[in-house]
Amino acid sequence: MRTPLAAAADTRALARSRAVAPAFVACLVAATAVSFVSAPVALCVAGAGAGYSLSGSV
Amino acid sequence: MNSALLLHRHASPAVAVNHLLGAVFGAVLTASTLLLVSGLLTPLPDAVAAATTLLVVALLAPAVFRPIWRLPQRRWQVPRQVFDDRPEAAARRFAFQLGLGFRTYVTSPAPYAVATMLALVAPHGLGEAAIAAMSVAVTFGIGRSAVVSSHALFGSAAVDQPRWALNAASLCSLVAVAAVAVDALSA
């Protein structure tokens with residue numbers, strides 16, 4: 001049987017996992033706004049966005 | 001069992017680093033090949049190359065929300081045997097295949113737009129083109145590895161990424177590709 005402490009740790013781990021997507025997308029959106037004035041940033045956003053967009057598959 | 005879950009069972013900073021390195025190396029290999037292709041396409045006028053890239057972005061954008069095009073892809077999964085290796089080596093080999101970007105399922109239109117961009121609107125100088133291709137490759141690898149590496153690094157639970165986040169990332173990538181094409185068009 002799981003202890004309350006272990007259950008709380010699992011809840012925190014799940015919360016950390018679910019925070020990855022909004023954090024990553026927020027950074028991407030902010031960088032995309034800069035893309036039209038900075039070509040190097042645009043290249044990085046293009047790469048990172050394409051890479052992350054495949055994270056739904058293995 | 002999901003491959004990400006197999007890696008998650010051995011979550012550690014070493015697994016995270018190896019996964020990241022594997023994805024980046026795979027992406028660098030693909031970007032280097034596209035760099036060679038871009039060299040062959042140099043005779044194409046800049047305006048034509050930029051306009052073609054913008055057209056590709058426009059055609060791919062609706063596919064972010066539903067698969068209206070049957071885009072060419074291998075529809076292949078990395079075999080489970082990869083995970084018979086040590087966790088660090090398994091993570092590196094597994095991520096290398098993912099980082100290549102074309103070996104497994106391609107569930108987003110964004111990689112096609114990025115490949116078109118690298119082939120058609122890369123800067124003309126070899127040094128500049130190489131830096132551009134490597135920037136795209138390294139960030140592609142980071143993006144491809146972000147979920148599994150962050151789970152392995154922080155020991156957090158493996159969860160599916162929400163569809164809205166994947167779609168938003170695809171759109172950001174397409175907008176950025178369009179920005180590079182517009183920059184090439186106005187240069």
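How many helices and strands are there in chain B? Chain B has seven helices and zero strands, and this picture comes from a predicted model.

**Chain B as a whole**
- Following the sequence of chain B, the pattern reads α-α-α-α-α-α-α.
- Chain B has a radius of gyration of 17 Å, close to the 16 Å that the globule rule gives for 187 residues, so chain B is as compact as a globular protein of that length.
- The C-alpha trace of chain B spans about 50 × 35 × 25 Å along its principal axes.

- Helix 2 of chain A (residues 39-53) packs with helix 5 of chain B (residues 110-120) at an angle of about 150°, and the two axes are 8 Å apart.
- On the chain A side, the contact is made by A:L43, A:A46, A:A50 and A:S53, while helix 5 of chain B brings in B:A110, B:P111, B:V114 and B:M117.
- Sorted by class, the contact of helix 2 of chain A with helix 5 of chain B holds seven nonpolar residues, one polar residue and no charged residues.

**The largest pocket**
- The largest pocket holds about 670 Å³ of space.
- Its lining counts 32 residues, and the closest to the pocket centre are B:V121, B:A122, B:P123, B:H124 and B:A129.
- Both chains take part: helix 2 of chain A supplies at least two lining residues, and so does each of helix 2 (13-40), helix 3 (46-60), helix 5, helix 6 (126-154) and helix 7 (163-186) of chain B.
- Helix 6 of chain B gives the largest share of this lining, with six residues.
- By class, the lining of the largest pocket is made up of 22 nonpolar, seven polar and three charged residues.

**The cavity**
- Searching the whole structure turns up one cavity of 30 Å³ or more.
- The volume of the largest cavity is about 30 Å³.
- Lining the largest cavity are A:L43 from chain A and, from chain B, B:M117, B:L118, B:V121, B:A122, B:P123, B:A132 and B:V180.
- That lining has eight nonpolar residues, with no polar and no charged ones.
- A:L43 and B:M117 line the largest cavity and also belong to the contact of helix 2 of chain A with helix 5 of chain B.
- B:V121, B:A122 and B:P123 are likewise in the cavity lining, and they are among the residues closest to the centre of the largest pocket.

How values were computed: Residues are numbered from 1 along each chain as its sequence is written. Chains are lettered from A and ligands numbered from 1 in the order in which they are written. This is a predicted model: local features need pLDDT of at least 70, side-chain atom pairs count only at pLDDT 80 or more; totals for chains, interfaces and linings use all residues. Side-chain values use heavy atoms; hydrogens and water are left out. Axes are lines fitted to C-alpha atoms, for helices over the stretch in contact, and angles run from 0 to 180 degrees between N-to-C directions. Helices (H or I, at least four residues) and strands (E, at least two) are DSSP runs, numbered from the N terminus. Contact means heavy atoms within 4.5 Å. Ala, Val, Leu, Ile, Met, Phe, Trp, Tyr, Cys and Pro count as nonpolar, Asp, Glu, Lys and Arg as charged, and the others, Gly among them, as polar. On a 1 Å grid over the protein atoms alone, a cavity is a set of points where a 1.4 Å probe fits but cannot get out, and a pocket is an open set with protein on both sides within 12 Å along at least five of seven lines; lining residues have an atom within 4 Å of a point. Grid points are joined across faces, edges and corners, and a volume is the space filled by probe spheres set on the points. The radius of gyration is taken over C-alpha atoms; the globule rule is 2.2 Å times the number of residues to the power 0.38.
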